[in-house]
Amino acid sequence: MFLKQFYSNLKIKDKIFFISLLLLFIFGSIGLVSFQYFTKLYEKRIYQESANMLNMSSTIIDNELRAIEDLSFQISTDDMIQKYLKSIQGSEFNYEMYVNRTNLILRLGTFASSERYISSIQIVDSFGANYFIGFDSEIGNAEIDLNQLLVDSNGANVWSNIDNENRIISARIIRQKENLSLQELGTLIIEIDMDILMDQLINLSPNRYVITQGEELFYQNSDSNVATNEFTQGLLDSGYNVEEIDGDDFLVSYKQSRYTDLTYYNFLPYSYLTSQTNLIKIIVVICLLIMFGFTIFLSRRAAQNITKPLEDLTAKMKQIEKGNFDGSVARFSNYHNDEIGQLQVDFKIMLDKINELIRENYQKQLVIKETEYKALQAQINPHFLYNTLDSINWFAKINKQEKISILAESLGNLMRNIISKKEPLITIKDELEIVHNYVTIQKYRYTNRLQFELHSSQKFQNSRIPKLSIQPIVENAIQHGLEEMITECKVSVIISEFDDDLIITVADNGPGMDEETIHSIYAGDVKSKSSGIGLNNINERIKLMFGESYGIVIDSERGAGSKISIILPFLK
């Protein structure tokens, strides 16, 4: 509730800025969460790929070690090797023995040159003599271990390593196969340079590769310097773990050999795995910061572009509120085709109309003042006029001048009713009294040429109608009829009701009007020839008082007289 009220009270530009930041935060959060999720998937995929690579490389190494075992068996059972060893044994040193030893070494050389990773091939005969080809290596304590391993191997190939060197040894007892005597002729030792073998078979960069035999270190490449008990505890046949070694995290993939008791380990630095993702994270954060900056800048500019015209419009409205209706207030530097531009246009139109209404009202006030001045001139001491007409009436009666008396009395009553009654609505009875006095005066003026009839009911007498709404119509009928006719002019007033409306009809047998004249009357183009209160004036007064559904209806044809109906609400 507080946030809603807080947001509602913000300015529009602040709302736009707030929404932009909110959207950036939402999409940025979604992006970071998605990136973190896919990073985890990527790392898991790397783990699986590392395990798969180790599985493949261990298979390659197993196959190569098996090939070395086959080579060892091939050498130990070679006819020429056995022949040379047999001839050497028990013979005194002579030229023939020298030749046999030389031939034995040459024969070993043919096998040693078969693979580049074979450092040397040695044969130790039963008398302890050593025959080797290749790089001489100090086997040292490994020979003591070999003798025990060979005794326990029952003639099978055994593997061992040389301390502090990345070299391993394949050893086998050579037994005489002739006549299946199985006499021991010597020991075959093949020394393998594991660095060359690993470089030849697999690409280790940036991995660290370790091979163990049980819990003994069998091989590790130059980048590895770990103790076997740091990672060999509780491992299964194959899999991977994240281990901390010497303060650094490593992805350790391991695989048991399918043919030997060797276990292969691949150490992939965890920093190598995360270096790419960390770089991507940095790029993402930088992009988010750039997007944040651009969002702030663009949202501010967009908000300013939207709210600046509104602020200008508000400032101009405040000037109008203070009473400054000058047309220059609504003048804007430029207009756009958007909603704000439409507001500016509408505001200018509104101000123009207000100024137009102010001018019209000013002109009307001038007319009203002028009319009031003229009315004041016309109403100077009305009692003086009433008393004068009353005096004329009594002088006429004294002198037996009945017509003059009636005219003076009717004129006085007419003026008294018109001037003294200030209300805008009067009763039909009062309005008909004004009509009666006016008709009386006109009958004496036109003698027998005017005939007037009134058809009304007593129930309409107290109904209220606008003042001077019937008399001016009767006056127009008499004026237009008698001026254009040489025969008798008949004027009748009929008052009736229809539903809740009052219908007052003034009919005459005058010359009538055509359609053009009727339209001109409705438009106010035709002025009254008598009192100055025209039909259009009466029609507008009625509509202003009672609404557009009321007013005057003209029914007339040229040469057929006229019927003018006043439609009013029946106000009892």
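Me: K177 first: what's its relative accessible area, and what does that make it?
Reply: K177 has a relative accessible area of 38%, so it counts as partly exposed. Buried means under 20%, exposed means over 50% and partly exposed is in between, using a 1.4 Å probe and protein chains only.

Me: Before I go on, where do these values come from?
Reply: This is a predicted model, where local features need pLDDT of at least 70 and side-chain atom pairs count only at pLDDT 80 or more, while totals for chains, interfaces and linings use all residues. Residues are numbered from 1 along each chain as its sequence is written, and side-chain values use heavy atoms, with hydrogens and water left out.

Me: OK. Which side chain meets K177 in a salt bridge?
Reply: That's D79, at 2.5 Å from N to O. A salt bridge here is a side-chain nitrogen of Lys or Arg within 4 Å of a carboxyl oxygen of Asp or Glu.

Me: Where do D79 and K177 lie?
Reply: D79 is in helix 3 (residues 79-88) and K177 is in the loop between strand 4 (167-175) and strand 5 (184-193), so the pair ties together parts 98 residues apart in sequence. Helices (H or I, at least four residues) and strands (E, at least two) are DSSP runs, numbered from the N terminus.

Me: How many salt bridges does the structure hold?
Reply: Six. Among them, R167 pairs with E191 at 3.6 Å, N to O, and R167 also pairs with D193 at 4.0 Å, N to O. R167, E191 and D193 are linked in a network.

Me: Switching topic: at what angle do helix 13 and helix 14 cross?
Reply: Roughly 50 degrees, with the axes of helix 13 (residues 515-523) and helix 14 (residues 535-546) coming within 7 Å. Axes are lines fitted to C-alpha atoms, for helices over the stretch in contact, and angles run from 0 to 180 degrees between N-to-C directions. The two helices are therefore oblique to each other; under 35 degrees would be roughly parallel, over 145 roughly antiparallel, 65 to 115 roughly perpendicular, and the rest is oblique.

Me: Which residues make the contact?
Reply: I521, Y522 and A523 of helix 13, and L535, N536 and N539 of helix 14, with contact meaning heavy atoms within 4.5 Å.
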